[in-house]
Amino acid sequence: MLRNLYSRNEDEARAAYDIVLVHSAMKRDEVIFGAELRAHAEAGRLRLIERHTDTDGLLTTDDLENEVPDLAERTAYACGPAGLLDTLEAYYGERRLTLHTERFRPTVVDVDAAGGTLTFAGSSAASVETDGSVPILDAAESAGVLMPSGCRMGICMGCVLPMKSGAVRDLRNGDLTVAVPGETHPDGVKIQTCISAAAGDCTFDH
Ligand code: FES
């Protein structure tokens, strides 16, 4: 986002936005894009707050309040592991503040998916038992099946496989998708395996 912003018009962007970036990483040399971010900070384009868990401890919401006292007045974006995002969403929710988040894994809702047997009826020729809480992609890979994948968060469609029969549940919202031989398309129903779990036995052409 910052690259996009600064690429449009650096001077204009710098003048128009007051950006504070809080970055937590285990160690200083594990800060993603660390050199680039530090260069932006040195050039006065943003205020960079680095938090290194090995020396500073785990980032907490108290730390955030101390580091960014005007937090409530800022538009907030957060990205990171589920525990961090859950904590931030609770913090912002209690204060009725808006937080924009990006997750690398789907948020799994409580669904009634029962799991089942995944049958890969194409060249993979495999059979995998799974429960209703695990993405089909993860279950298949754990069993050694070579699977197509990409973002693993439901965006790129790189994990789509045709389901010839069966039912899957979308782990983000509980929606059910079924493929019934003779009723649904003979080529199968396209399933995003990274955000879908088995809701019964399923057969994939893969
Ligand atoms: S891996 Fe990108 S949508 Fe599934």
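T130 counts as buried, at 12% relative accessibility; buried means under 20% relative accessible area, exposed over 50%, and partly exposed in between, with a 1.4 Å probe and protein chains only. Before I go on, this is a predicted model, where local features need pLDDT of at least 70, side-chain atom pairs count only at pLDDT 80 or more, and totals for chains, interfaces and linings use all residues. Residues are numbered from 1 along each chain as its sequence is written, and side-chain values use heavy atoms, with hydrogens and water left out.

Back to T130. This residue is found in strand β6, residues 126-130. Helices (H or I, at least four residues) and strands (E, at least two) are DSSP runs, numbered from the N terminus. What does T130 contact, leaving aside its neighbours within four places in sequence? The partners are G115, G116, L118, A139 and A198, where contact means heavy atoms within 4.5 Å.

Now the overall layout. The protein chain is divided into domain 1, residues 2-102, and domain 2, residues 116-204; these bounds come from an automatic or database domain assignment. Taken over C-alpha atoms, the centres of the two domains are separated by 36 Å.

I'll take helix α3 next, residues 34-42. Its buried residues are G34, L37, R38 and H40. Seen down the axis of α3, they fall within an arc of 155°, so they line one face of the helix; the arc is that of the directions from the helix axis to the C-beta atoms. As background, an α-helix has 3.6 residues a turn, so residues three or four places apart point the same way. On the other side of α3, A35 and E42 are exposed. Which elements cover the buried residues of α3? They include α1 (2-8), β1 (20-25) and β2 (47-52). Just after the helix, G44 takes a positive phi of about 80°.

Next, the largest pocket. About 1,800 Å³ of space lies in it. The method, briefly: on a 1 Å grid over the protein atoms alone, a cavity is a set of points where a 1.4 Å probe fits but cannot get out, whereas a pocket is an open set with protein on both sides within 12 Å along at least five of seven lines; lining residues have an atom within 4 Å of a point. Grid points are joined across faces, edges and corners, and a volume is the space filled by probe spheres set on the points.

Of the 43 residues that line this pocket, the closest to its centre are L21, V22, Y77, A78 and C79. The elements giving two or more residues to the lining are α1, β1, α3, β3 (76-79), α6 (82-94) and β4 (99-102). Which element gives the largest share of the lining? That is β1, with six residues. By class, the lining has 26 nonpolar, eight polar and nine charged residues. Here Ala, Val, Leu, Ile, Met, Phe, Trp, Tyr, Cys and Pro count as nonpolar, Asp, Glu, Lys and Arg as charged, and the others, Gly among them, as polar.

At 41% relative accessibility, D86 counts as partly exposed. Its C-alpha atom is 9.8 Å from that of T101, 15 residues apart along the chain.

On to the loop between α7 (136-142) and β7 (160-170), where R152 lies. M157 is found in that loop as well. Most residues other than glycine have a negative phi, and most peptide bonds are trans. Phi of R152, however, is near 60°, a positive value, and phi of M157 is near 70°, also positive. R152 is partly exposed, with a relative accessible area of 21%; M157 counts as partly exposed at 47%.

Two last residues. K190 sits in strand β9, residues 189-192, and counts as exposed at 68% relative accessibility. Not counting residues up to four places away in sequence, K190 touches V160, L161 and P162. The C-alpha atoms of K190 and D18, 172 residues apart along the chain, are separated by 44 Å.

A199 is in the loop between β10 (196-198) and β11 (202-204). With a relative accessible area of 22%, A199 is partly exposed. How far apart are the C-alpha atoms of A199 and V168? They are separated by 4.7 Å, although the two residues are 31 apart along the chain.
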